[in-house]
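Please work through each task before reading its solution.

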Amino acid sequence: MNVLLTSAGRRTYMVDYFKEALSGKGLLYAANSQMSPALTRADGYFISPIIYSDEYIPFLLGKCRELKVDLVVSLFDIDVPVLAAHRAEFEAAGVRLAVSGTEMLTLCSDKLKMSLELGASEAGERASGAGASGTALISCPKAYTGVEEAIGAIDDGRLSWPVIVKPRFGMGSIGVLKAYDEVELMGAYSMCRRAVETSYLRFESNAADGEPVVIEELCRGTEYGLDVICDLDGNYVNTIIRKKFAMRSGETDEAVILGPGDAGYSELMELGRALALKFRPIGLTDLDVIMDTDAAGSKDADAKCGSAHDAAGSTGADTGTMAGLKPYVIDINARFGGGYPFSHAAGADVPRAYVLWLEAAALEARTLKAGEAEAEAEAAAELRQQAAECCHAKPGVHGYKDIVPLIY
């Protein structure tokens, strides 16, 4: 059983996690379009063509056949939809992709589409599915395209200062700015557009119709990270919730794992479950969520950690009670996010769950005699139970990321 991590980049910890999960059952390979730290930690590695090259998919397929790869896991947002578009080709080669479907991936990459389908509006509530109280279980900030449209929304009361200006197809906090008035908005819009045009964000932006920049309402509150975990068939397993205290370049630097006794836990668990049941994502999906303190009548505090949504990087304690507050999704990443190491440190082992699900699927796919089939089914069920146990983290574990230089 061999696993390939594509676009491995600097995530040496993900290589280590998967190698430990395999525990001698197979090899862990890593790929990237240029030499990177994570490659050196794998059992084997190779340099691939860039993601948007016509040679990328044929090259990967060839490597998967050569190395007898059973599962491909991508660690980069841009890579995920490219792989998903060629799912049938990988499956024909006997390779499983831990990659979600097209509908889910479109919401992850396109902030405007996410707002239109899941936004805090009547249309958004119909799209996401309403709870018993009629409140949408999945909501996100309202988004507008173009300075004129945003100012019009401000003039008629649909939007208020300050606003967040960000790339429509963005990641890693590239080009994310906050504007407090019309002059700042025009400057932020130009700077954000320039950031898109001069970075790898231009590839998705150039391939899409419409504006490359969106202007969002600013949610106020505390930011949380959610690991929404489904198995490799899209069946919901669990949600792990982290309360964030510090961010760096769009990734969590300090966080604590929440449990049933913590404020906001039930609302966030229901959010994770609702998203999983609606979209049936594959494997782990990373969500960034803000509990909006406006819902409790507090409008004087911006988001409480330096997130992609709060480009100014304010920090501080919570304000007010969490009771009755609505969580707003500000970003969805259909992959292991930068906050997953906190879940792993608290006892979760989702890479091992991936391996166990693969083993269970292999048992279930075997054609056996009646007596043997019953025993194999029981063994597969036991593997799936073990996998489910890997998808839980211990509440109260508070961690931070350390930066330690390593030598190639």
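**Exercise 1. State how much space lies in the largest cavity, and describe its lining.**

Step 1. In this predicted model, about 120 Å³ of space lies in the largest cavity. A cavity is a set of points, on a 1 Å grid over the protein atoms alone, where a 1.4 Å probe fits but cannot get out; grid points are joined across faces, edges and corners, and the volume is the space filled by probe spheres set on the points.

Step 2. The lining comprises 14 residues, and D77, C108, S109, I332 and N333 lie nearest the centre of the cavity. Lining residues have an atom within 4 Å of a point.

Step 3. Two or more lining residues come from each of helix 3 (79–84), helix 5 (102–109) and strand 14 (327–333). Helices (H or I, at least four residues) and strands (E, at least two) are DSSP runs, numbered from the N terminus.

The model's local features need pLDDT of at least 70, side-chain atom pairs count only at pLDDT 80 or more, and totals for chains, interfaces and linings use all residues. Residues are numbered from 1 along each chain as its sequence is written, and side-chain values use heavy atoms, with hydrogens and water left out.

**Exercise 2. Determine how many residues of helix 1 are buried, and what covers them.**

Step 1. Helix 1 spans residues 12–22, and eight of its 11 residues are buried, that is, under 20% relative accessible area (1.4 Å probe, protein chains only).

Step 2. The buried residues are T12, Y13, M14, V15, Y17, F18, A21 and L22.

Step 3. Their cover includes strand 1 (2–6), strand 2 (28–32), strand 4 (69–74), strand 12 (251–257), helix 12 and helix 13 (350–365).

Step 4. Just after helix 1, S23 has a positive phi of about 45°.

**Exercise 3. Is S343 buried or exposed, and which residues does S343 contact?**

Step 1. S343 belongs to helix 12 (residues 340–345).

Step 2. S343 is buried, because its relative accessible area is 0%.

Step 3. Neighbours within four places in sequence aside, S343 contacts (heavy atoms within 4.5 Å) D227, I240, R242, I257, A348 and A393.

**Exercise 4. Describe the largest nonpolar core.**

Step 1. This core has 55 residues. A nonpolar core is a set of buried Ala, Val, Leu, Ile, Met, Phe, Trp, Tyr and Cys residues joined through side-chain atoms within 4.5 Å.

Step 2. Helix 11 (residues 265–279) gives the largest share of this core, eight residues.

Step 3. F90 is one of the residues with the most contacts inside the core. Not counting residues up to four places away in sequence, F90 touches I57, L60, L61, C64, L83, V95 and L97.

Conventions
On a 1 Å grid over the protein atoms alone, a cavity is a set of points where a 1.4 Å probe fits but cannot get out, and a pocket is an open set with protein on both sides within 12 Å along at least five of seven lines; lining residues have an atom within 4 Å of a point. Buried means under 20% relative accessible area, exposed over 50%, partly exposed in between (1.4 Å probe, protein chains only).
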